[in-house]
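Reader: Please take me slowly through one part of this model, starting with a piece of its sheet and then moving on to its metal site. I would like to see who sits beside whom.

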Amino acid sequence: MAQAAKHAAPRADHTIDQAWDDYTSEEHDIWRRLFERQSTVLVDRAVQEFLDGIDFLGIAGGGIPDFRRLNDALMARTGWQIVAVPGLVPDDIFFDHLANRRFPATAWIRTGEQMDYLQEPDVFHDVFGHVPLLANPVFGDYMAAYGRGGLKALKLGALEKLARLYWYTVEFGLIQTPAGLRIYGSGIVSSKGESVFALESPAPNRISFDLLRIMRTNYRIDDFQESYFVIDSFEQLFGETLPDFTDYYRQLASMDDLTPSDILAQDTVLHRGIGV
Ligand code: HBI
Ligand code: FE
């Protein structure tokens, strides 16, 4: 049966019931295998706040979590909740959910043949990758601010610029910590290969966070990143979303886009990659 078809038809806001009781033991076993593998590779690689979120929410290797149980803890902590969706939802729906502290998580899980990579997010990418940091108050505020910003960007026709900010932070961001460089991006923490590559490979660039610079920079969705951007703290990231972006979009309109591998003279380059 097609993965998405197994769940009920979506409502107007594209949410569906997770239908947790309908998951098969094979599907729970896929989660178990993915969870065990990532738990090993993320030791000394994932940022501590991510690991704290995993522990606080009780996301474990027992099988695909029941969103209702996660939501009890998550709502109490940061006001966020997970809503089940069949997959990628339209941008306006996506941003409206985020602005209201609802994270749209795909309900289906990948097959055994897709263990290392899949194009669309599944429940492991969304729940293991994105949800733990929603238990962190500052990151939770950033994600809600991103949702509000997305609704404004849509109205200004600036969505492509803002999507790059999401991509190079929420999905593929790195963070400096006293213990060293760590991962917080969901696309990295949910990927075995990229969890190692992002921190340890000489291939990609690692550049200090610069908001306008990031919003100029294209990205690839089908391979490891050629550049990673590094923040100093979640407070820094949240602070960057406080200004109104309208003037940023006006400045960007007269700036050329950058390729994923470009390095600018004004960049603070932490590592100059040898090429992906
Ligand atoms: N829908 N379910 C889901 N998950 C996403 O991460 C997502 C989406 N729709 C749009 C989207 N992401 C991005 O294109 C926006 O952040 C721009
Ligand atoms: Fe994602």
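Author: Let's begin with one term: a residue is buried under 20% relative accessible area, exposed over 50% and partly exposed in between (1.4 Å probe, protein chains only). This is a predicted model, where local features need pLDDT of at least 70 and side-chain atom pairs 80 or more, while totals for chains, interfaces and linings use all residues. Residues are numbered from 1 along each chain as its sequence is written, chains are lettered from A and ligands numbered from 1 in the order written, and side-chain values use heavy atoms, without hydrogens or water.

Now find strand β6, residues 227-231; strands (E, at least two residues) and helices (H or I, at least four) are DSSP runs numbered from the N terminus. Five of the five residues of β6 are buried, leaving the strand mostly covered. In a regular strand, side chains alternate between the two faces of the sheet. Here Ser227, Phe229 and Ile231 point one way, while Tyr228 and Val230 point the other way, and all of these are buried.

Next come the neighbours of β6, where pairing takes at least two DSSP bridges between two strands. Strand β3, residues 174-177, runs parallel to β6 and pairs with it over two bridges. Look for Leu174, which stands opposite Val230 of β6. Strand β5, residues 205-208, is also parallel to β6, joined to it by four bridges. Ile207 has Phe229 as its bridge partner in β6.

Let's turn to the metal site. The iron ion (ligand 2) is coordinated by His125 and His130, each through NE2, and by Glu171 through OE, at 1.9 to 2.1 Å. Donors are N, O and S atoms within 2.8 Å of the metal (3.2 Å for Na, K and Ca), and the site may look incomplete because water is not among the atoms. Along the sequence, the donor residues of this iron ion follow the spacing H-x4-H-x40-E. His130 counts as buried because its relative accessibility is 4%. Glu171, at 9%, therefore counts as buried too.
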